[in-house]
Amino acid sequence: MIAFLLKTFGLLVLGCLVGTLLLRLIVVRPSAGDDQKSPGQGVRLAREANLRAHVRMLSEELVPRSWRHRNNLEKAAGYIAASLQASGGRIEMQPFEAAGQIYTNILAAFGPDREPWIVVGAHYDVAGDGPGADDNASAVAGLLELGHLLGQQPLSRRVLLAAYSLEEPPFFGTSHMGSFVHARSLKRAGRRIELMICLEMIGYFSDQPGSQLFPFPLLRLFYPSTGNFVMVVDRIASNHGPRIRDGMRQAEALPVYSINAPSFLWGIGLSDHRSFWKAGFDAVMITDTAFYRNRAYHTAEDTADRLDYARMAGVVDALFGCMPVLDPAPLPAKRNR
């Protein structure tokens, strides 16, 4: 009996070890850069002052920005379009109807009309009447600063920057999401999209131990418990997330991790990349992990003064540095493709 119990216990332990190893290989996708010791880029390209100014404009002047306040959303759309146009983007306003009103996506094209395209998107609406500094003015600010950097570089193909309306409830997950409208239009036009990169909350970081939460406890074995990193979220069978993660690590000394997980895991599909998955396109999300770290999520406390603009600039620099579209572009992400 004792021998049987010992054998059973040993099999259980072995099963747990094998399961943990498989979880690490499938979900975490470890790489040689996991020690996060890469020196990254020494010269800051993204401008912290501009990121701060964009966030303050959106979260303090153009508020509230929920679906019920269409006038402020339209003012925000005008502000975003003007900034992207000033950076050299060719602007298209994409109106669509929801709840008997007209809302607008802003699309800014950089580079030649050569496929496959890269789409980088962020929503500019807010849940409720809060300021929405991290969610999602931080990502919109990052999008605008990325446009500034792209406008100064020769590109080998099209990079489309998209600012979406109506990501938040009650339209999330419906055909009235701005990103759903955009993804559907690309599908109907037969556009080839290599990847959609969704920016969702990129401004809140914490150096406090224990500040990072997870959708289930086992992930604590593989990721830091201090919320000072950025996460690239991808579907279970895709390799885009690890590729973007490794490229971002090479470009910037900012801790970057990735997770490949099924969409039913809470948080994996909670932004505009979901719309592109539904349309059959590959997509990833770059995020500070939202409510798993930022306790001000969807509250009046989500204010501009709580954000870390130096690290936000690092996120923009890392994304800009790893994009496989610059020409010339001596980047690891392009060489490894």
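Tutor: Begin with A77. Leaving aside neighbours within four places in sequence, A77 is in contact with M93, I106 and Y124, where contact means heavy atoms within 4.5 Å. Two notes on how to read this. The model is predicted, so local features need pLDDT of at least 70 and side-chain atom pairs count only at pLDDT 80 or more, while totals for chains, interfaces and linings use all residues. Residues are numbered from 1 along each chain as its sequence is written, and side-chain values use heavy atoms, with hydrogens and water left out.

A77 is found in helix α3. Helices (H or I, at least four residues) and strands (E, at least two) are DSSP runs, numbered from the N terminus. A77 counts as buried because its relative accessible area is 1%; buried means under 20%, exposed over 50% and partly exposed in between, with a 1.4 Å probe and protein chains only. Y164 is 87 residues away from A77 in sequence, yet the two C-alpha atoms are 9.0 Å apart.

What does α3 pack on? A sheet. Two strands pair if DSSP finds at least two bridges between them. Axes are lines fitted to C-alpha atoms, for helices over the stretch in contact, and angles run from 0 to 180 degrees between N-to-C directions. The sheet is open and has 8 strands, in the order β1-β2-β4-β3-β5-β8-β6-β7, with mixed pairing. Its edge strands are β1 (90-98) and β7 (256-260), each pairing on one side only. Direction ignored, neighbouring strands are turned by 20° against each other on average. Helix α3 (residues 70-86) touches β1, β2 (101-110) and β4 (159-164), and its direction makes about 10° with that of β2.

The loop between α2 (48-61) and α3 holds P64. A cis peptide bond joins V63 to P64, with omega about -5°. Another cis peptide bond joins P169 and P170, where omega is about 10°. P170 is in the loop between β4 and α5 (178-188). Between β1 and β2, the loop includes A99. Phi of A99 is positive, near 50°, and the residue is not a glycine. A99 counts as exposed because its relative accessible area is 52%.

Move across the sheet to β8. Strand β5 (residues 193-200) pairs with β8 in the parallel sense over 5 bridges. L199 stands opposite I286 in β8. Strand β6 (residues 230-234) pairs with β8 (residues 283-287) in the antiparallel sense over 3 bridges.

How enclosed is β8? Since 5 of its 5 residues are buried, β8 is largely enclosed by the rest of the structure. In a regular strand the side chains alternate between the two faces of the sheet. In β8, A283, M285 and T287 are on one side and V284 and I286 on the other, and both faces are covered.

Leaving aside neighbours within four places in sequence, H273 is in contact with M196, C198, I268, A283, V284 and M285. H273 counts as buried because its relative accessibility is 0%.

Now the core. A nonpolar core is a set of buried Ala, Val, Leu, Ile, Met, Phe, Trp, Tyr and Cys residues joined through side-chain atoms within 4.5 Å. The largest has 64 residues, of which V120, L161, I197 and I286 touch the most other members. Helix α4 (residues 133-150) supplies the largest share, 10 residues. Apart from this core lies another of 31 residues, including C198 and W277. V120, neighbours within four places in sequence aside, is in contact with L143, L146, L160, L161, A162, I197, L199, L319 and M323.

L319 is one of the buried residues of α8. Because 12 of the 14 residues of α8 are buried, the helix is largely enclosed by the rest of the structure. The expected span of a helix is 1.5 Å times one less than its number of residues. For α8 (residues 309-322) that gives 20 Å, and the end C-alpha atoms are 20 Å apart, which agrees. At the start of α8, a side-chain oxygen of D308 reaches to within 3.2 Å of the backbone nitrogen of A310. A polar contact is a pair of N or O atoms within 3.5 Å; within protein, one must be able to donate a hydrogen and the other to accept it, and residues adjacent in sequence count only if both atoms are side-chain atoms.
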